[in-house]
Amino acid sequence: MSAPKPVTGLKPMNDHTPPVEPMADLPEESEIPFFGIGDPGALEAFFATHGDGGARRRPVRTGVGNGAGEVALMEAYRTRGFLKARLDPLGLSAPPELPELLPSLYGLSQAYAAPLVARMERAYCGSIGWEFAHCHDRTRRAWLAAEAEDADGTGPDAGSRQAILALLARATAFEAGLVQRIPGGKLFGLGGAESFLVAIEAILAESAQLGAEEVVIGGMHRGRFNLLANVLGKPLPSMVAEILGKPAVPEGLACSSDVSYHLGHSGDLDIAGTRLHVSVSPHPSHLQLAPIIAQGRARAKQAGRGAGGRRAVLPLLLHTDASFAGQGLVAEMLQLSGVGPFDIGGTIHVVINNQLGFTTTPEEGRTARSPTDIARLIEAPVLHVNADDPDAVWRVALVAANWRATFATDIVIDLVCYRRPGHNEIDEPRFTQPAMYRAIDTLAPVDRLYEARIAASGGTTDAADRARAGMQASLSEAFAAAKSWRVNAADWFEGAWKGLAAGTVADMLAPVATGVHTPRLQHIGRAITAVPDGFVVDPKVKRFLEERRRSIEDGQGINWATGEALALATLAAEGTPVRLGGQDSVRGAFTQRHLEVHDQATGRRHLTIRAAAADDVDVEIHNTPLIEHAIACFEYGLSLADPRRLVVWEAQFGEFLNYAQAVFDQCIACGEDRWLRSSGLVILLPHGLDGGGPDHSTGRPERLLAACAGANIQIVNASTPANYFHVLRRQMHRPFRKPLVVLTPKALLRHKGCVSALPEFAETTGFRTVIADETTAARRVILCTGKVYYELADARAKRGLEADVALVRVEQLYPLPEAEIRAALARHPSADLVWCEEEPANMGYFVNLDRHLERIAGRPFRRAGRPAAATPAVGVKYWHEAEINAFVEDALGGLG
């Protein structure tokens, strides 16, 4: 059995450098400059220009006249020294000897260079591996080098050491106490990584001193109970009751809830007299969803605080080595970090590096040397640290907090540890990792190691025994109290959600007046089609804006994109912040929006919707990277924290939701049912079989409808611009929030029949869940949804069947508007009933709706549509047209 992949391993290189004569006397330590970091004054110049925001900064050494050999050796340590750091607590991977760190390579004798080597070894090759050579910015490298090479005051004082010891002792006693009282329970304990709590507590304390008022935490379940109990202040009785299987919601509340190690928490901490609110996101077992959702929540909370929001709200994300290295979501998350609409002023990432997945070794789990190598993508520094050196863990935590406060960019802590239990307490890791667990079995817990270290240095260790005894007593009390523990009130509509409520299916079906006074619509129409004086607009865009203005002024021919623009603009004018983003969404993937216009001479941009917005109302219309999953997570998280903002994510094509299926299934569709967390996120999925081939044809309505139950989500396929206008406005004009998925059109964007008149947007109107013909006593009633209505209406007219065939559009597919459908059918008591859809039988609506429709009508429906297929659409134009003719004939035939 091979040993685990060395965390610090590097293949040795041969040193073929010829010996060189020693150089002049080694300069004093204070004279050694930063080589490769640039002008020693760069860091001071940065702070002079930008300020330090209260964050600490080390003095930068200056000096001239240093030999090139000494400077080159220093630079070698700064760039490669982390590879030699002593990071593995188990000692299974010895640090390599690096030829590039040999003084002889730079013409220096060993004796001559000894003082410099000793200092650089202490700085870079101890319990901390400072990895920052990939950071291109020399000021940031200088800051990190100053931190690494500071020999004074880098460790905790005696009082802090006592606090660290007590925390570690409590953590170990907590793990042992739970395992003893709940044998065989799945606890996902922290054993082997207890100093993780030291890192989190130090980050929180330092961040609070630097101006943080709230911390949004997202992450994994390993160590969750220990973190909540010993750092974040969750009451032990409630936690124990949840672990024992009692519901975390009031009795009688209809929901599924979740297992205890997935639940969130929020509360206030008192840190040296400073109040710090902590909010821990609940999470599913897909480990990388929660961190990005937490980032979206942080963005919303920052926006709510105004100008100082980014400093006041800290995103703190928790990961494990296997997921951070293996999940593509991590690359997506990092790629978003510096993109304006997703910038949250930097995130602190803490990776619990178990040196093992479930049973998967590092060499089986990744190609990269370290699980944190992906951080190089955004030049985020990585602080590798040996988890069995709590002083070093404390130190990197402070560095991370100060880095984020100073540079407002991401930083990663790689906490190299081990996992004392298996993947959970009932898993046996020795089946697959015998060598690793032989080493673990002989290693004392970190609290005992730290206690011995303090004692050896002459310090007292009474705090450890008191902490252990106190934790055991607290656990005994908590288990006793848990027997009678009950939840009295749901942790639900509080804070930003105050005044809102959970909507029922009946509430979701109730009509809402969302129309706008006609003169106001025309006024807003003029505002969103005007451009600043002197703005040079592309001639085609100019004509587009003129046609948009004319349709609103004349009140006729208002197309889909104009209806959407009016919805966004009227909401913004009412004071509702608006955020719409997606790939190419600003112009529109189909060149339909032009919500932002570009000056053809200067490149200046003008966001048209902002002209209609009320004062100080955010309007964010933005393009996004070619990323679906992370952006869906982020936007969902944002909607969780800001129910007063219309949040819209548009997939470029409907099937792109496939790439975000995990967050849709595990969070968006069921977050309210699992965690009592509501969302008003709007998802736009361009959908329709338009002859473009198998791809970009479907928003997979069969999957969407399969996810629907109770009052969890809304599915809409509107067929008119006015109805689309109303459904967007309805989202913000009800006293509750539910996710809304709209299957939006492509071909209808320019269809001459798919237009609305201004009275359809007026003050007495609202979203119509069903749109029925005025026909009565028809021989056949065809129910349909979306684009296929226009194909049926055209064919019906050509055949002269207006009196014989009634077309009923079901605009809302969930919750299904049963009363409206029943009323439409009642006008045709003797008609035969057809459901017509353009999708293949296995990918349409009928597969989910047939029994519901039969129950509503009291008799069965016949389906007309494409037959079942493995592919959403054919790729040959003639076949596509033949299929349309076939299902239209199936729907309308036999009435001659």
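**Figure 1. The loop that holds Pro815.** In this predicted model, Pro815 sits in the loop that runs between strand S20 (812–814) and helix H28 (818–826). Look at the link between Tyr814 and Pro815: it's a cis peptide bond, with omega at about -15°. Most peptide bonds are trans.

**Figure 2. Phe188 and its positive phi.** Here we're in the loop between helix H5 (158–181) and helix H6 (196–209), where Phe188 is found. Phe188 isn't a glycine, yet its phi is positive, at about 50°. Most residues other than glycine have a negative phi. Is Phe188 buried or exposed? Its relative accessibility is 7%, and buried means under 20%, so Phe188 counts as buried.

**Figure 3. Glu379, another residue with a positive phi.** Glu379 belongs to the loop between helix H13 (362–365) and strand S7 (382–386). Its phi is near 60°, and Glu379 is a residue other than glycine.

**Figure 4. Inside the largest cavity.** This view takes you to a space of about 100 Å³. Its lining is made up of 15 residues, and the closest to the centre are His687, Asn717, Gly786, Lys787 and Glu838. Which strands each supply at least two residues of this lining? Strand S16 (740–744) does, and so does strand S21 (832–840). Sort the lining by class and you get six nonpolar, six polar and three charged residues. Cavities of 30 Å³ or more come to a count of 10 in this model.

Figure 5. The chain's secondary structure comes to 30 helices and 22 strands. Along its principal axes, the C-alpha trace spans about 105 × 70 × 50 Å. How does the radius of gyration fit with a compact globule? For 896 residues such a globule would come out near 29 Å, and the chain's 32 Å agrees with that. Of those 896 residues, 60% count as buried. Now take the contacts with a separation of 6 or more: 83% of them are between residues 24 or more positions apart.

Note on methods:
Residues are numbered from 1 along each chain as its sequence is written. This is a predicted model: local features need pLDDT of at least 70, side-chain atom pairs count only at pLDDT 80 or more; totals for chains, interfaces and linings use all residues. Side-chain values use heavy atoms; hydrogens and water are left out. On a 1 Å grid over the protein atoms alone, a cavity is a set of points where a 1.4 Å probe fits but cannot get out, and a pocket is an open set with protein on both sides within 12 Å along at least five of seven lines; lining residues have an atom within 4 Å of a point. Grid points are joined across faces, edges and corners, and a volume is the space filled by probe spheres set on the points. Helices (H or I, at least four residues) and strands (E, at least two) are DSSP runs, numbered from the N terminus. Ala, Val, Leu, Ile, Met, Phe, Trp, Tyr, Cys and Pro count as nonpolar, Asp, Glu, Lys and Arg as charged, and the others, Gly among them, as polar. The radius of gyration is taken over C-alpha atoms; the globule rule is 2.2 Å times the number of residues to the power 0.38. Buried means under 20% relative accessible area, exposed over 50%, partly exposed in between (1.4 Å probe, protein chains only). Contact means heavy atoms within 4.5 Å.
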